[in-house]
Amino acid sequence: MLAKFALPALTMIAALLLTSVVLAASATAAKWPAWAIAGGTALTAAVLAAISLVFGKSRLSPRKGGIGFFLLGLGGALFLSTSGLTLPASIPTWVWMILGIGMATVGLIEDADTAQSTPRNRL
């Protein structure tokens, strides 16, 4: 399930990230930590998109995808706290954060379900 929705979610997160950066730049509210966090989050999104596009969906395991999406959501939370944006300009960042953490939850639950359903010899 994570492999099916990873690329649309990454596209949405990238659009929200770009919107948040444009709003922060136009409001001149963001300091240098916010730009560093936005750059690191954009790099994480680019790496996840490259893995899912170039290597196919089999290389993006649910655990790697879940951790990557968690980092994207954490980047949204850190950007929101350091950017100085107030409502309604911070709404794209809130959506970016919620989407990243939601996809991380889906990926980690899917990974746990796969680990539980795999039979193992415990003797």
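Q: Is L74 buried or exposed, or partly exposed?
A: Buried means under 20% relative accessible area, exposed over 50%, and partly exposed in between (1.4 Å probe, protein chains only). The model is predicted, so local features need pLDDT of at least 70 and side-chain atom pairs pLDDT 80 or more, while totals for chains, interfaces and linings use all residues. Residues are numbered from 1 along each chain as its sequence is written, and side-chain values use heavy atoms, with hydrogens and water left out. L74 has 38% relative accessibility and therefore counts as partly exposed.

Q: How many helices and strands are in the chain?
A: Helices (H or I, at least four residues) and strands (E, at least two) are DSSP runs, numbered from the N terminus. Along the sequence the pattern reads α-α-α-α. The count is four helices and zero strands.

Q: Which element gives the most residues to the nonpolar patch?
A: A patch is made of residues with over 30% relative accessible area and no salt bridge, with like charges joined within 9 Å and nonpolar side chains (Val, Leu, Ile, Met, Phe, Trp, Tyr) within 5 Å. I67, F70, L71, L74, L78, I101 and L108 make such a nonpolar surface patch, of about 590 Å². Two or more residues come from each of α3 (62-83) and α4 (91-117). With five residues, the element that gives the most is α3.

Q: What share of the accessible surface of the chain belongs to carbon and sulfur atoms?
A: Accessible areas come from the Shrake-Rupley method with a 1.4 Å probe, and for residues only the protein chains shown count as cover. The accessible surface of the chain comes to about 7,200 Å². The share of carbon and sulfur atoms is 72%.

Q: Which residues form the salt bridge?
A: A salt bridge is a side-chain nitrogen of Lys or Arg within 4 Å of a carboxyl oxygen of Asp or Glu, and the structure holds one. The closest N and O atoms are 2.9 Å apart, and the partners are R63 and D111.

Q: What kind of aromatic pair do F79 and W96 form?
A: Rings of Phe, Tyr and Trp (its six-membered ring) pair if their centres lie within 6.5 Å; planes under 30 degrees apart count as stacked, over 60 as edge-to-face and the rest as tilted. F79 and W96 are both buried. Their centres lie 5.7 Å apart with 40 degrees between the planes, which makes the pair tilted.

Q: How much of the chain counts as buried?
A: The chain has 123 residues, and its C-alpha trace spans about 60 × 25 × 20 Å along its principal axes. The part that counts as buried is 34%.
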